[in-house]
Amino acid sequence: MSGTFVGMPSFPEAAHEAVGDATLRANLRHATHTIRDKRARAVAELDDWAALREAGKRIKDDTLRHLDTYLVRLEQAVTRAGGTVHWAADAAEANRIVTDLVKATGETEVVKVKSMATQEIGLNEHLEAEGIAAYETDLAELIVQLGEDRPSHILVPAIHRNRGEIRDIFTEKMGSWGRPAPEGLSDAPAELAEAARLHLREKFLRAKVGISGANFMVAETGTLVVVESEGNGRMCLTLPETLISVVGIEKVVPTWRDLEVFLQTLPRSSTAERMNPYTSMWTGTADDDGPRTFHLVLLDNGRTDALADEVGRQALRCIRCSACLNVCPVYERAGGHAYGSVYPGPIGAILTPQLRGTTSEIDASLPYASSLCGACYEVCPVAIDIPEVLVHLREKVAGEGGKGHRLEKAAMKAAGWVLDHPNALAAGERLASATRKLHPKRLPGPGARQWSDHRDLPDMPAEPFRDWWRKNRT
Amino acid sequence: MRVALFVTCVNDAVFPATGVATVRLLERLGVEVDFPAAQTCCGQPQFNTGYREETEPLVRRTVGAFEGYEHVVVPSGSCAAMVRHHYPSFGAEAAGLGPRVYELTEFLVDVLGVTDVGAYFPHKVTYHPSCHGLRMLGLGERPRRLLEAVKGLELVELPGAEECCGFGGTFAVKNPDVSAAMGADKITNALSTGAGVLCGADNSCLLHLGGMLSRREDPLRALHLAEILASTEEEPWQ
């Protein structure tokens, strides 16, 4: 796609591939529609959903407004409880801190709880380069890691895979990472889960270091919370001697009471469950139970930049439930990989350009990866007005005048002039109507071609409405 | 009652029949219609593409064009949503237009208090609720109630009705593959109903869907709701 006039090539180019992949389209359609329908039923069970949504929004907004206060309070509480707090300004600093902490234990392997923050900073790749093997233990993350693949969904990272593909990955790859898949493995879900369980069990029992993220951090007590379904998180959080948690600074909430809201809205919005199977909470260290050493790495990595943006900051309310991905018609067709980030879908389209900036082609194209249909805003459990932020980021990208936008701005200005001069507009409309027999159905050229590759241009009417009005009603 | 028609730029230039139908319908219901000629475009294409500065003159023009009218009727949910939801960010004067703007079905059902407008349209019809009317205006059941009351009309439910058709303004040309894939799915769903008419209340969506349909041999055409409601036994709509 040439698309320099009106389009940013990166997201559209990646999406072009995905749209043409029939298997991927079928996998995504089936999975997103199943989850979206279940979510709708789970949410409809609660009479006070709207109030919970508003409460979640307000708790997050109030916390973000006084983020400095709550982070210091959190640090004090974690330290009092026997943990050590580290502050990381960016991905490089966070990776360096974690690597040094693992090296200090003398270990060369770690087990991981599913974590968006560690994916965001590319921790696994960094550790591997430093000679440390990081084993993902969430079932879907395991599939992605064994398949040398990238996650395509926040909650269901292997959503783009069907069970036949998963069986093939397990059969081919498990052996080179540890315990091989059982002989004659079928694609029955129970068999696949058992293969993963056996493979992971030896990792859990051997590991001395666990690495996690967190869904919430409670400032008043220094407690971290991980919400999960499979129990692999509980293993990683309790069995190793050392636990290192890398958490974005926006994950703090002031009090335990605040969890009341999110522990209702998160499971229903994400897995469509009334309550998630495992909620692990820990406060520092204890002498007789769990890890003896606990480190918390607080990650900024662009978050304070987002916080400084009055419109964009609402993206930091996100609790990573993925409801917006599951209802998004663009995500359903383009798939998660097209977004070029660990945060795909509508939330990724507003979060990634704020965390990474809009200098790269993919990041500058993300705010346009939406028809602004608003389905995402409707389901968001913390009421992030994603369309509003998308338009705001489009203003930013257009204002920077990057690739294609100077020409587009000129076109918008020209159109604006015509539209601000009704006589000129009427003359243009009359010209279009008068020459209508000559109009082709398809047109070359940027913009026009992107339209007419897929759709006919409309037949122009014999006269514009304003002329009909003048002749018939004045 | 006297109202101003905000026909919208798309209808003025490409779908004047929708404007004519709206006038005929309103006049039939005893409403006196004005067409302030200073109106052009609400500025939504510029605004949603990130050109706020280029939007401002159009906001001022639109607000000026409809000054003094208590009821401004728009046969487009998307343009009504632009005025109601985004104009307030352009200042108090612009914000003042929002409460006076009515999407056509809002005006019929809420202001005039009618659902049976005396229309006759003997066809099988399915209705696509465009996103901005559905989610930003909350039109709800209004369009369906109006359609159900049309004599001779058989209304059939569109599967996946609330999913976007893929138009999305400049989205249609910036992300043409995804847009077309969404449109194709919408058409597949519409065809599955056996309806001969795919009705919508936003011609921008119908420009996209109709443009796709015109490349196919399917017995399905896209038509604006106003044209169905304007149709009567005495004066059937073409």
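Predicted model: local features only at pLDDT ≥ 70, side-chain atom pairs only at ≥ 80, totals over all residues.
What pLDDT does chain A average, and what share of the residues score at least 70?

## Model and confidence

Chain A averages a pLDDT of 93, and 98% of the residues score at least 70; pLDDT is the predictor's confidence in each residue, from 0 to 100. For chain B the mean pLDDT is 97, with 100% of its residues at 70 or more. The model has an ipTM of 0.97 and a pTM of 0.95.

Residues are numbered from 1 along each chain as its sequence is written, chains are lettered from A and ligands numbered from 1 in the order in which they are written, and side-chain values use heavy atoms, with hydrogens and water left out.

## Interface between chains A and B

The contact draws 63 residues from chain A and 59 residues from chain B. Between them the chains bury about 5,300 Å², with 58% of it on carbon and sulfur atoms; buried area is the accessible area (1.4 Å probe) that two parts lose on being put together, summed over both. On the chain B side, B:Y51, B:K174 and B:R215 lose the most area to chain A, together 14% of what that side buries.

Helix α23 (residues 465-473) of chain A packs on helix α2 (residues 16-28) of chain B at an angle of about 40°, the axes being 8 Å apart. Helices are DSSP runs (H or I, at least four residues), numbered from the N terminus. Axes are lines fitted to C-alpha atoms over the stretch in contact, and angles run from 0 to 180 degrees between N-to-C directions. The angle makes α23(A) oblique to α2(B); angles under 35 degrees count as roughly parallel, over 145 as roughly antiparallel, 65 to 115 as roughly perpendicular and the rest as oblique. A:F465, A:W468, A:W469 and A:R473 meet B:P16, B:G19, B:V20, B:V23 and B:E27 in this contact.

## Salt bridges

Over all chains there are 50 salt bridges, each a side-chain nitrogen of Lys or Arg within 4 Å of a carboxyl oxygen of Asp or Glu. Between chain B and chain A the count is 13. B:D12 and A:R466 form a salt bridge (2.8 Å, N to O).

Within chain A, A:R268 and A:E45 form a salt bridge, with the closest N and O atoms 2.8 Å apart. A:R268 is in helix α12 (residues 256-270) and A:E45 in the loop between α2 (22-44) and α3 (49-65), so the pair ties together parts 223 residues apart in sequence.

Terms used
Contact = heavy atoms within 4.5 Å. Helix = DSSP H or I, 4+ residues; strand = E, 2+ residues; numbered from the N terminus.
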